[in-house]
Amino acid sequence: MISSLSVRNVRSLSGGASDFREFAFSHGVNVIHGPNGCGKTTVLEAVHLLLQGFSFRARDLKELIAWNADEMILRGSFYDESHEWNRALQVGNTGTVVKENGSPLRTASSFFGKMPAVIMQPSDIELLRGAPEVRRRWLDEILCFRSAANASVLRNYKRVLQQRNQWLRQFKKDGNAVGGEDLFQVLTGQLVELGAKLWSIRLELSKEISPIITGYYRRLSGGVDEITCDYKSSILREFDASGIPNEDMLKNAFAEKLAGLELVEKLQGITMSGPHKDDLALCASGYEMRSVGSQGQCRSAAIAMRFAAVDVASRYLAKPVLLLDDIFAELDVNRRDAVAALVREKDCQVLIATPQFEELPFKADSEISLSD
């Protein structure tokens with residue numbers, strides 16, 4: 001859990017050139033309220049960054065620096081049942097400094113893996129409406145909750161994929177590439193090995209979370225309708241009749257697929273098959289919700305996915321800090337009450353950002369008021 005947060009020159013939370021904004025949090029439900037634009041979501045973003053190692057709304061951390069400042073600084077104090085620790089992050093034009101308990105870390109991503117955070121926000125509807133990349137990113141984040149080994153497989157797969165794509169782009173442009181065919185075959189072999197491992201652990205995760213998501217959706221919708229959740233990949237189609245393939249089967253199928261695509265990939269300059277092309281299909285009445293789901297159905301499914309992430313984090317890593325960014329405003333009364341009941345059941349530390357403090361469906365243990 002987080003006990004305190006210090007912020008300087010982060011987005012709209014700027015109190016002057018040398019001033020820090022200080023926040024203290026209780027164990028239970030912490031409500032951060034105030035008018036639009038006062039920095040409520042930024043507080044959640046700062047906590048998420050210090051716990052997860054990345055921002056949920058910016059790819060480049062320099063985007064968090066206040067417009068009239070040269071750098072931003074975050075400091076947070078955290079604790080669990082056994083110990084306490086402090087984290088600090090400084091981002092400026094001269095670079096990034098990351099520390100835990102005063103010791104330097106390589107990057108902000110090094111924060112990941114000790115205490116997780118799960119964010120819920122109105123834009124989560126993109127988990128259903130958005131491109132497959134959005135669902136893959138969500139799937140891979142909770143994949144990393146399960147083990148550091150999973151994170152390593154994912155990181156290595158992305159690295160080899162990037163190198164292979166770089167080779168293919170150069171070959172398309174010049175008719176040859178650094179390292180020649182020998183390097184291409186080495187990269188292809190590494191991609192096959194890592195791709196099979198990534199498929200294997202994604203399929204295992206999908207099998208675990210599918211009933212969790214459908215169960216939460218049933219509660220959020222009041223049992224009015226049902227959804228299904230399935231992992232989709234072109235490489236898996238030939239295995240549909242024989243059940244879930246093992247890693248060797250996946251490796252052989254991937255190698256055969258890439259061999260058949262080699263000429264086209266060299267013409268296109270990109271890797272055209274692999275886990276980076278897959279999707280998680282959520283369906284209602286046999287149709288993908290991405291296309292046919294109503295606003296209410298898609299919001300319920302997105303919230304169900306986030307609660308599934310809470311369960312995975314709690315089981316394999318630690319009970320997460322739950323960050324709720326004004327998620328109740330667009331829910332009907334029944335869904336609001338269902339979400340509130342689930343939040344209470346999880347018994348996590350909760351930080352809620354809302355402009356309408358009085359309309360929350362539960363009582364706050366701590367209140368933080370922000371003003372412009």
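Visitor: In which strand is Gly76 found?

Guide: Gly76 belongs to strand β4, which covers residues 71–79. Strands (E, at least two residues) and helices (H or I, at least four) are DSSP runs, numbered from the N terminus. This is a predicted model, in which local features need pLDDT of at least 70 and side-chain atom pairs count only at pLDDT 80 or more, while totals for chains, interfaces and linings use all residues. Residues are numbered from 1 along each chain as its sequence is written, and side-chain values use heavy atoms, with hydrogens and water left out.

Visitor: Why is Gly76 called buried?

Guide: Buried means under 20% relative accessible area, exposed means over 50%, and partly exposed lies in between (1.4 Å probe, protein chains only). Gly76 has 3% relative accessibility and therefore counts as buried.

Visitor: Which residues does Gly76 touch, leaving out those up to four places away in sequence?

Guide: Contact means heavy atoms within 4.5 Å. On that basis Gly76 touches Ser4, Leu50, Trp85, Asn86 and Arg87. Gly76 and Val7 are 69 residues apart in sequence, yet their C-alpha atoms are 8.8 Å apart in space.

Visitor: Is Arg164 buried or exposed, and how do you know?

Guide: Arg164 has a relative accessibility of 0%, so it counts as buried. This arginine is placed in helix α4, residues 148–174. Beyond its neighbours within four places in sequence, Arg164 is in contact with Phe184, Leu187, Thr188, Leu191, Leu258, Glu265 and Thr271.

Visitor: What makes Leu263 exposed?

Guide: The relative accessible area of Leu263 is 62%, and therefore this residue is exposed. Leu263 sits in helix α6, residues 247–268.

Visitor: How do you know that the side chains of Arg306 and Asp124 meet in a salt bridge?

Guide: A salt bridge requires a side-chain nitrogen of Lys or Arg within 4 Å of a carboxyl oxygen of Asp or Glu. For Arg306 and Asp124 the distance from N to O is 2.8 Å. The pair links distant parts of the chain, 182 residues apart: Arg306 is in helix α8, and Asp124 is in the loop between β8 (117–120) and α2 (126–129). Arg306 is buried, because its relative accessible area is 12%, and Asp124 is buried with 6%. By this rule the count comes to 25 salt bridges.

Visitor: What separates Arg137 and Glu133 in helix α3?

Guide: They are separated by about one helical turn, because they stand four residues apart in helix α3, residues 132–146. Arg137, at 42% relative accessibility, counts as partly exposed, and Glu133, with a relative accessible area of 42%, is partly exposed.

Visitor: How do you know that the span of helix α9 agrees with its number of residues?

Guide: The expected span is 1.5 Å times one less than the number of residues. The 14 residues of α9 (333–346) should therefore span 20 Å, and the end C-alpha atoms are 20 Å apart, which agrees. The buried residues of α9 include Arg335, Ala338, Leu342 and Lys346. What covers the buried residues includes α5 (180–220), α8 (295–316), β12 (321–325) and β13 (350–354).

Visitor: Which residue follows α9, and what is its phi?

Guide: Asp347 follows α9, with a positive phi near 55°.

Visitor: Where is Asn101 found?

Guide: Asn101 is in the loop between β6 (95–100) and β7 (103–105). Most residues other than glycine have a negative phi. The phi of Asn101 is positive, near 50°. Asn101 has a relative accessible area of 47%, so it is partly exposed.

Visitor: Why is Asp326 called partly exposed?

Guide: Asp326 is partly exposed because its relative accessible area is 26%. Asp326 is placed in the loop between β12 and α9, and its phi is positive, near 50°.
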